[in-house]
Amino acid sequence: MATFLYKLGRLAFRRRRYVALMWVVLLAGVGFSASAAPAPPEDSFSMPGTESQKAFDLLDEKFPAASAEGATARVVIRAPEGEKLTQSGPKNDVEKLVKTLGEGPQVAEVADPFKAKAVSKDATTAYASVTYKVAAPELTDKSRDALTKATDDSRKTGLTVETGGDAVMAEQEMGGTAELIGIAVSAVVLLITFGSMIAAGMPLLTAIIGVGIGVSGIAALGSVFDLSAMTGTLAMMIGLAVGIDYALFIVSRYRAEIAEGREPEEAAGRATGTAGSAVVFAGLTVIVALSGLAIVNIPILTKMGLTAAGTVAIAVLIALTMIPALLGFAGKKVLRRKDRKKPVSELQDPNAKPKLGTRWARFVLRRPIPVLLLAVVGLGVVAVPATSLELGLPDEGTSAPDTTQRKAYDMLSESFGAGFNGPLMVTVDTDKDKGAAAAAGTVGKEIAKIDGVAAVTPANGNKSDDTAIFNVVPKTGPSDHKTEGVVKEIRSTVDGLGDKTNSEVLVTGATAMTIDFSQTLDDALLPYLGLVVGLAFLLLMLVFRSVLVPLKAALGFLLSVAAALGAVVAVFQWGWLADIVGVDQPGPIMSMMPIFMIGVVFGLAMDYEVFLVTRMREAYVHGARPGEAVVTGFTHGGRVVAAAAVIMISVFSGFIMENDDMIKMMGFGLAVAVLFDAFVVRMAIVPAVLALLGNKAWWLPKWLDRALPNVDVEGEKLHKQLGDFPTARQDDQDRELESVRG
């Protein structure tokens, strides 16, 4: 591979104008296609194969008029202190509010609380349900303004009025600025690392082009493959981070080759052949991890994973072709200004002060056990909060206390019970037979006897009376563990009732959907982990020709992801540093976070493993002793890996400032995961373990060595072809490796 990429790098260097033009034209073409494409579909959520989804599909078929497609708003009204809503004055004010709401644009209907029996027992609180003709993303500003004006006018009468539901727009504080923050910090880090504006600008330019092509491609194909705007969020986060990092490693290697006296074209070829090989396999591990999200069988996760994987593939291709082309334009200008005219002897002064990476590697080699114990114990302590992980999906109960959504949620809980904010919906389907309403009545009576059920509403059948629905209100709130027990008890009860009533009984609703979602993820976690780690393990064996190095990489990843989950729990569930991070209301961690973090963090963790250890492997294959190889790896790659990690952390940290809870949690989780993995696992645990293993780190059974293809990531064949070291030295190294493997 290294030989092929060496030739590709030199070709791109020579044909730089055509290569650069090709990527610019591709960006323009994809951008034009995105602008001409239909608007992306709205965000949708489904879980094929679950009971909740089956019930929702049944409702869409049998109750088309009551489809959940339309946006809803729940307007909660409370009488002035000392009064009741049933009194003439407050009642007239409520009826006036209901009438005004019904006159709003795009409104389909408004349920009068007095007719719908939506008044609390003490008559102090009621709610009016507003249903719109269109989904929430399609609501116009005029419709939202009408809702806000109606509630504001009603407050002037003395009523307390708060609103919840997806029709209520959440305030956006810093939407769209995350990418700019990440790019700005990345620019500063690159400038400090390279000391050259030109060298610092290359990774930024290529990353922006890559992300532009990826995100524009998602937008262009959105209507064809049902890719919503949310689908591209992960692609943007990952694409920007890895795009900068991959370019950074190739530019850094080019500078090192120039410092050794190579001509620019030769340096570009060697940089692409060596660092480019690491980029290919690092990209493959990320692609495998992201594509593996498809095993969960949740469409939105599958789409997010595949689109992000596609963007990573684009980042790899750009790094291998456009970076050598840009280097052709820059030549030696990628060096610091003061270094451009220096002779090679001065650029490689053996008496110069060792780099920080070199000094750190030597320190770890002298004290591997204390460093290893400190790092492992430290990550273990940070991971402790993960043992109390509580999963769920965000609802209005986790909104900031001063928002109207949260106030409406609390008012309903106080007046109607905690479970009222998460009612369950039970569907009774008799297929072609009639009598669904009667069967639903029988089922409802049995459910009402279950401990933990507060109320069961009367059944409502469709016109053909082959399907009926009714609501079940638990005594506990939607995120309470007791509610999950109630759902399981209801499902256990209705399994037997289905045969007795000659019907199929299904339990759904937002709360049941959350429970099924968590269960789906739990069931997929181990298969997904096995698939991703297994495939990546094989890839790393190909790269490093070792069994213990990939094993160490996987175990280190488990430590970093556990510590990252612990940090997420401490901040978003326990509320530690909540004000600093911007967490309005601590609550359960989103159900998809563990499996999402496993996939993404594993791919990113292997990036640093490949970049750092490949240079060690390269030195070892070329004759260095195990300890010397570790020092060489840190001398040439430590600073660059640290810079890459800081860039990735800055990109992810920018998303912490977004108002969306899911994006905020994703950004924080990925940022701390990269922090732990790059600076603790890869910078401390990896050299400590390699120091303890010595030659055994590179051991590979003979039969496996013969079975595995030699992809030559470290460039051994390339260096032989270019005559970089004497054959006798390599023969000695081959004998040493043979004795270790034997």
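Start by selecting R682 and D677: their side chains meet in a salt bridge, at 2.8 Å from N to O. Keep in mind as you look around that this is a predicted model. Are these two residues buried or exposed? R682 counts as buried because its relative accessibility is 1%, under the 20% cut-off. D677 also has a relative accessibility of 1%, so it counts as buried too.

Now show the helices: E609 sits in helix α21 (residues 593-621), while R682 belongs to helix α23 (residues 661-693). The pair is 73 residues apart, so to speak a link between distant parts of the chain.

Next, jump to R491 and D516. Their side chains form a salt bridge as well, with 2.7 Å between N and O. Which helices does this pair link? R491 is in helix α17 (residues 481-500), and D516 is in helix α18 (residues 510-544), 25 residues apart. R491 is buried at 15% relative accessibility, and D516 is buried at 9%.

For a last stop, select R10, R14, E265, E266 and R270 together. These residues are linked in a network of salt bridges. Why might such side chains pair up? Opposite charges can pair when the charged atoms come close.

Definitions and conventions. Residues are numbered from 1 along each chain as its sequence is written. This is a predicted model: local features need pLDDT of at least 70, side-chain atom pairs count only at pLDDT 80 or more; totals for chains, interfaces and linings use all residues. Side-chain values use heavy atoms; hydrogens and water are left out. A salt bridge is a side-chain nitrogen of Lys or Arg within 4 Å of a carboxyl oxygen of Asp or Glu. Helices (H or I, at least four residues) and strands (E, at least two) are DSSP runs, numbered from the N terminus. Buried means under 20% relative accessible area, exposed over 50%, partly exposed in between (1.4 Å probe, protein chains only).
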